[in-house]
Every structure is written in structure tokens, then in C-alpha cells.
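Hi,

Here is the structure I promised to pass on. Have a look at it first, and then read my notes below.

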Amino acid sequence: MTATVAADKVVRARRVPVSRGYRFELVKLVSQWRIRLLVLACWIAPALFVAGVSQQSTLPSDTLFGRWMHATGWAGPLVMLGFAGTYALPLLSSVVAGDVFAAEDRLGTWRHLLVAVRSPRRIFVAKSLASLTVILLLVAGLAVSSAAGGLVSVGNQPLVGLDGHLLAPSDAAVRVLLAWTAALAPTLALAAIGLLGSVALGRSPMGLLLPPVAALVMSVAQMLPLPVAVRLALPGYAFIAWNGLFTGPTQLGPLLIGIAVSLVWALLATALAYLLFLRRDFTNLAYDGSGRRALTIGALPLVGLTALTVGVVAVATPSMGSGIKQDKVQRSVATAFAHLYRMQTEQLHRPAVTEAQLRASAACTKSDGQAAQEGAGNDWRCVVTWHLPGVPVPGTAIYQLDITSDGRFVADGDGPKEVNGYFLLRTSTGDAPNPLWQFDGNVELLTPH
Amino acid sequence: MGTLHAVVARGITKCFGDVVALDGVDLDVTQGQIHGLVGPNGAGKTTLLGLLLGLAVADSGRLEILGTPVGRAFGAPEGVSGFVDGPGLYPSLTARQNLAALARLRGLDAGSAGIDDVLDQVGLTAVADDKARGFSLGMRQRLGLAAALLTKPRLLVLDEPSNGLDPAGKRHVHRVLTRLAADGTSVVLSSHRMDDLEALCSEVTILATGRVVFSGPLSKLAAENRELDYRVRTSDPQAARRLADGSDGIRVVDDAGIRQDDELLVVRALVPALDELVASLVRSGVAVRELAPVVSPLEAAFLALTEQEQEAGR
């Protein structure tokens with residue numbers, strides 16, 4: 001006769017709670033030198049960078065808010081955010097989320113982990129949460145460090161918004177925080193793409209490269225003259241749409257759409273990674289990615305989501321064109337000019353004027369009126385007109401505009417000399433940058449007019 | 001009182017696509033014994049160990065582990081531990097950190113989980129605070145065993161635990177496994193090292209092409225009616241050869257594939273004929289200095305049984 005070991009003493013295996021698995025995954029992640037190095041770099045390097053650049057005589061004026069780095073500490077974190085959206089955040093997502101599953105393949109530890117945790121589902125959740133935590137820590141480091149670097153080296157001064165109006169330091173602080181928070185959504189989308197690549201492609205380096213490649217493709221797409229609906233349907237748009245927080249009124253529409261699209265991408269890519277992970281055969285030693293299944297389960301739904309989002313945005317908003325129209329450009333330039341003119345007036349201690357008194361307007365043409373008066377390009381030319389109390393002849397100034405496909409523009413002063421001809425203004429307290437010499441602006445793509 | 005079994009498997013079948021990894025496998029592992037699993041590469045050993053560890057589920061058949069029927073869900077019952085395809089260790093953590101992280105994962109207090117004790121049992125106390133990255137294969141094997149011991153298993157499943165072990169490491173591992181079995185833990189281990197299996201196991205199961213070709217005590221395997229080659233070293237090799245040539249049931253083998261030695265005689269015989277030869281050597285005044293099988297009974301049985309199975313499969 002045979003009998004199995006006393007059944008009354010045996011309890012069915014308890015699965016390891018997600019909280020313990022999460023802690024285990026965090027310990028593993030934090031023990032890696034490259035993660036420690038990244039954390040250190042993200043919490044230190046931005047402060048040094050912002051402080052260093054703020055002390056230079058030449059500022060990165062081709063980067064949004066770069067020209068204001070001498071003026072306020074709040075410009076630094078925004079310059080860093082512009083850089084992070086293009087390079088740092090995709091790379092960070094790649095190194096953390098793009099490797100979190102593949103690392104177990106490389107180390108040959110899947111069976112060990114499964115024997116210990118006893119639930120692939122919980123392993124997936126724990127790994128995803130641990131990567132998310134590390135990514136949040138890194139993003140927080142970039143934001144806090146760059147803000148600290150700016151505030152310590154330059155100070156807590158008002159920030160000039162994208163329409164030229166001054167934001168009080170407290171207001172600027174809130175908007176900087178909101179901008180970094182908004183950038184979390186596309187970062188999560190990239191992280192989810194990283195998870196998907198890590199699950200689908202196993203130890204193949206392509207898994208690790210997926211987030212930067214996706215970010216690069218989306219960046220290139222944003223530079224192309226695509227319809228607004230397509231632009232907004234890409235999860236990377238929220239890396240740009242935070243610009244709308246620094247205009248008055250705030251351009252919330254594109255930002256909210258960008259965030260929503262990014263979050264849907266994050267959810268879908270994570271769900272697809274989850275499905276692929278649960279279908280994996282952990283007893284197969286030769287497993288090296290799920291190949292064709294990765295394409296059908298992983299990539300096709302995301303392509304479908306993009307098509308669906310384009311359709312929804314196109315139906316919900318009148319946005320199948322470039323979104324850059326003559327009247328919108330004129331209004332944006334005139335508004336920014338009026339705000340900045342008042343700033344220049346104050347710097348030069350001239351009698352204060354209100355915007356109502358200025359009645360600034362702009363007449364803008366593209367390609368000297370020879371082409372369609374809409375779309376991106378560096379061939380926009382604007383003549384700005386304004387009025388001063390007691391002066392019968394209105395003032396005029398000329399600007400050459402370089403408008404990019406995402407609606408951002410740089411207006412470069414082309415005379416007269418006394419308004420926008422010189423980079424520096426001679427004020428009673430010394431030389432100061434001339435706000436009207438060159439300024440940044442933003443055209444909201446979604447509004448019809 | 002019947003025999004208690006830690007594992008009872010009946011008719012276990014597992015396929016991977018068109019490949020039949022296990023084909024109606026029966027297995028009984030007695031509580032408190034070390035059960036060896038042998039077979040050529042691709043015989044299904046790792047698949048069977050994976051089923052015991054809950055890494056996969058059988059397509060059909062019945063499996064009971066520690067009294068609990070294993071269903072369709074992944075995960076083995078509480079009390080099962082071990083590793084297949086080598087231990088899973090994280091190179092960026094030290095030996096102690098690897099064990100502490102595992103202890104916390106299993107809900108144990110890392111301080112009182114007996115980490116120092118298991119490190120001592122496997123002989124890794126001196127390198128407890130070294131990163132696992134620099135560990136040799138043998139040290140990794142021992143740390144893997146320590147990780148398995150940490151959970152105080154009642155069924156320990158080990159795949160090639162002696163891989164890469166030096167003699168001292170092997171002694172540590174053998175001592176640990178023997179003590180565990182004495183304390184009532186059942187151990188299932190697969191190995192290609194027949195000397196390990198003969199030293200440790202009371203029972204073995206031989207698998208070939210996914211089927212069980214033998215399962216039972218080692219003594220039964222050795223007693224199977226099978227001729228073996230024996231090395232006989234005597235004081236007078238010439239006389240010994242003459243006597244062997246003249247004995248019934250004894251055949252002198254000159255191409256046994258072992259190192260040539262003038263003092264050594266290799267004979268092929270069943271055990272009773274060999275007994276007769278030894279008696280006649282002694283009666284003739286020839287001293288027998290060494291008598292041992294050229295290959296162990298287990299290895300001989302393994303080769304014979306697996307070759308038969310493979311030929312049957314052709």
C-alpha cells in the first residue's frame with residue numbers, strides 16, 4: 001500500500017503578495033549599477049547643467065524658454081523638459097522598462113522567480129510597478145534638480161510666457177510642475193512600449209531599443225507637415241503640448257488630448273505585454289522572444305489604436321489641416337508683442353501703457369503672399385502695428401517668423417532698430433536683453449480661427 | 001502502515017507542439033529518500049522536474065505532490081523548492097542579499113530566516129558578502145541549494161546539483177542532501193553523474209524518450225540479470241588469465257576501453273560466475289588486490305536500457 005504524505009498537514013501554496021514581489025523587484029533594480037548611476041545623474045546633472053548654462057553669456061535660445069535662463073530660475077526646468085522629452089525620457093524608459101523582463105531571460109532566472117512567486121500575473125504586476133517607481137524617481141529627479149539649479153543660480157523671478165505675458169514666480173512654479181506632470185503621460189506610454197518590447201523580444205537588444213525608436217519616429221512625425229489630427233493621435237504629442245500651459249488663456253485642448261492619447265497607449269501596450277507574458281512557455285529554454293506573435297498581438301493593435309485616434313480626433317475637432325492659419329498667426333504675434341512691449345517699456349522706465357491703449361495688431365504673409373497663407377515655414381513675415389497715447393502716428397515693427405509644424409514660432413526682429421534692432425537694451429541699471437529683439441510664440445493648432 | 005510518498009505521478013503526458021516530452025510517466029518518490037532521475041539528453045527529465053516545481057502543467061495524467069493533487073494552475077504546493085536548468089541568482093546582489101531578498105519574498109524575516117545557517121551548510125560562509133557575479137559554477141550551484149534550503153522544503157527538486165562542483169563542494173552538497181533525507185525531506189535530483197546517484201540515491205528512475213524504462217531501488221537495478229565488465233587486479237596476472245579462460249561463464253575482455261595495465265585483467269561475467277572465479281583464484285594462491293566493475297551497475301543498466309529504448313523507437 002502507498003499513501004501520499006499526510007494531506008491534512010499540507011496547505012495549498014500561498015502566492016506571494018504583489019507588495020512583496022514589488023519590493024523584490026525594486027531591490028533587484030536598485031542593485032544594478034546602471035540604475036544607481038541614472039538616479040544619481042538625474043538628481044544631480046540637471047542642476048549642474050542649468051546652473052552652468054545660466055551663467056554663460058550665450059543662451060540656448062533655439063530651445064523653448066532658453067532665452068530666459070538669465071532672467072529666471074523657472075526657465076531652466078522648462079529647457080530641461082524640452083530636452084528630456086526628446087532624448088532623456090525615452091532613454092530612461094528604455095533602460096528601466098525596456099529591460100525589466102529581458103533581464104530575467106539574460107540571467108536565466110525565470111524558473112527561479114516562478115518557483116518563488118508562483119504566479120506569472122503577480123510577477124508582471126510587480127515588475128511593472130517597480131519599473132514605474134524607478135521611472136517616476138528619475139523624472140522627479142530631472143524636474144526637481146533642474147528647478148533647484150535654476151532657482152539657486154538665477155533666482156525666483158517671474159517667467160515670460162509664450163504669449164509674452166509675465167507669470168508671477170508662484171504661478172510659474174505651478175505651471176512648471178504641471179508641465180512635468182503632463183510629461184509623465186507620454187513617458188508612461190514609452191515605458192509601456194518598453195515593457196511590451198521587453199516581453200515580446202526577450203533578450204534581443206531590439207526590445208531595449210524600442211522606446212527610443214518609437215520616440216524618434218514620433219519626433220520625426222511631429223516635424224513633418226502632418227494634419228493636426230495625426231499629430232495629436234501620436235503619444236509623443238504631450239511632450240510638446242505642455243507649451244500651451246504658458247499662454248494666456250491656457251491652451252488646454254491639445255494638452256488634454258495629448259495626455260489622454262498617451263495614457264490610452266500606456267494602458268493598451270501594458271495590456272498587450274501582459275497577454276504576451278501570460279502566454280509564454282517558461283519551460284522552453286530556447287525561448288528568445290515571441291517573434292510573429294509579437295507582431296500580431298503587440299504591434300497591430302497599436303497601429304489600430306493610432307488609426308482609431310486619428311479618426312476620433314478628426315471627427316471631434318476641425319483639424320485635418322496644418323492648424324497654422326494666417327489669422328491665428330497674426331493674433332498670436334500681436335498678443336506676444338503687446339505683452340513684451342510693455343515689458344520693454346518698464347525696463348526703459350518709459351510711461352506705462354496698457355494693452356488696450358497699445359491696440360497692437362499684426363499683418364502677416366507667407367512667401368510674400370505668393371503661396372497659401374497657412375502652414376509651417378520660415379517664410380512668414382509680419383508687420384506689427386501699435387499705438388501710444390498722445391502719439392498720432394502708429395508705430396510699426398517687422399518680424400521674420402520661423403513657424404514649425406507643431407505651432408511654435410520664433411519671431412526675429414527686423415527693424416526698426418530702436419524697437420527690435422539690438423539684442424541688448426541700455427537701462428538705468430545696466431544692459432538687459434531686449435525682449436522684442438527675438439521672441440518665442442505659439443499658435444494653437446486646434447482652434448478653428 | 002503503508003509507505004508515504006512525497007510524489008505520486010500516474011500516466012503523466014506532456015507535449016510541446018509535436019514533440020512528446022513525457023509519455024505516460026509513472027513516478028513514486030518515497031518520503032525521506034533521495035530519488036535519482038537519469039536519462040539521456042532530451043529524455044524528459046527537465047520537463048518532469050518542471051512539473052514537480054509547478055513551472056508547467058501536464059497535458060494529461062494525475063500528479064500528487066505532498067498529498068495535494070496538482071491541478072491545471074501553475075505553482076507547486078507549499079513545501080516544494082529547488083531549481084531546474086541551474087539556480088537563479090542575481091549577479092548584482094551578494095550571496096547574502098540574494099538569500100535575504102528571497103526570504104523576504106517568501107514572507108520570512110531576513111534576520112531570522114537562517115541565512116547564515118544555510119550558507120554554512122553549503123560552505124559559502126566565507127563569500128557570503130561577495131557579489132554573485134564573481135561566483136564559479138560550483139559556488140552558484142551551492143548558493144542555489146542554499147536558496148532552496150531557506151524555505152525548509154519537504155520536497156527538494158534539483159537539476160544537476162553537482163555541476164561544476166570541486167570535491168570539497170561535492171562533499172558539502174552530499175552531506176546536506178543526506179541530512180535532509182534523514183530529517184524526512186524527499187529529494188528528487190537529476191544528474192548525469194552516476195557516481196553521485198549511486199552515492200546518494202536509494203531509488204532511481206531511468207527515462208528514455210519520455211518514457212520510464214526503469215524505476216526502483218538501486219539494488220534491484222544492480223541485481224538485474226545482466227553481464228558486467230569487472231576489473232580484476234591480482235598478484236599473478238598470468239595465472240589469473242589462465243584461470244579465467246578456463247572458467248565457465250567468464251570471458252576475458254581485451255578491448256574494454258580502459259587504460260592498458262599488465263597487472264589488470266578485465267572479465268565479463270554474471271555475479272555468480274565472478275564469485276566462482278574469485279574462489280578459484282584464492283584456492284590457487286593468487287591474491288585478489290582489486291575487484292570492481294569497469295562501469296557502475298547503474299551506468300551499465302542506464303546504457304543498456306536507454307539503448308534498447310532508442311533502438312525500439314527506431
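Let's start in chain A, where the axes of helix α3 (residues 75–96) and helix α7 (residues 169–201) come within 9 Å and cross at roughly 15°. Axes here are lines fitted to C-alpha atoms, for helices over the stretch in contact, with angles running from 0 to 180 degrees between N-to-C directions. Helices are DSSP runs (H or I, at least four residues), numbered from the N terminus. Angles under 35 degrees count as roughly parallel, so α3(A) and α7(A) are roughly parallel to each other.

Before going on: this is a predicted model, where local features need pLDDT of at least 70 and side-chain atom pairs count only at pLDDT 80 or more, while totals for chains, interfaces and linings use all residues. Residues are numbered from 1 along each chain as its sequence is written, and chains are lettered from A and ligands numbered from 1 in the order in which they are written.

Which residues of α3(A) and α7(A) meet? Among them are A:L81, A:G85 and A:L89 in α3(A), and A:W180, A:A183 and A:T187 in α7(A). Contact means that C-beta atoms, placed from the backbone, lie within 7 Å. The residues of this contact divide into eleven nonpolar, five polar and no charged (Ala, Val, Leu, Ile, Met, Phe, Trp, Tyr, Cys and Pro are nonpolar, Asp, Glu, Lys and Arg charged, the others, Gly among them, polar).

Now chain B: it is divided into domain 1 (5–222) and domain 2 (228–299), with bounds from an automatic or database domain assignment. Their contact takes eight residues from domain 1 of chain B and four from domain 2 of chain B. On the domain 1 side, α6(B) gives the largest share, four residues.

Cheers

Note on methods
Contact = placed C-beta atoms within 7 Å. Helix = DSSP H or I, 4+ residues; strand = E, 2+ residues; numbered from the N terminus. Parallel < 35°, antiparallel > 145°, perpendicular 65-115°, else oblique.
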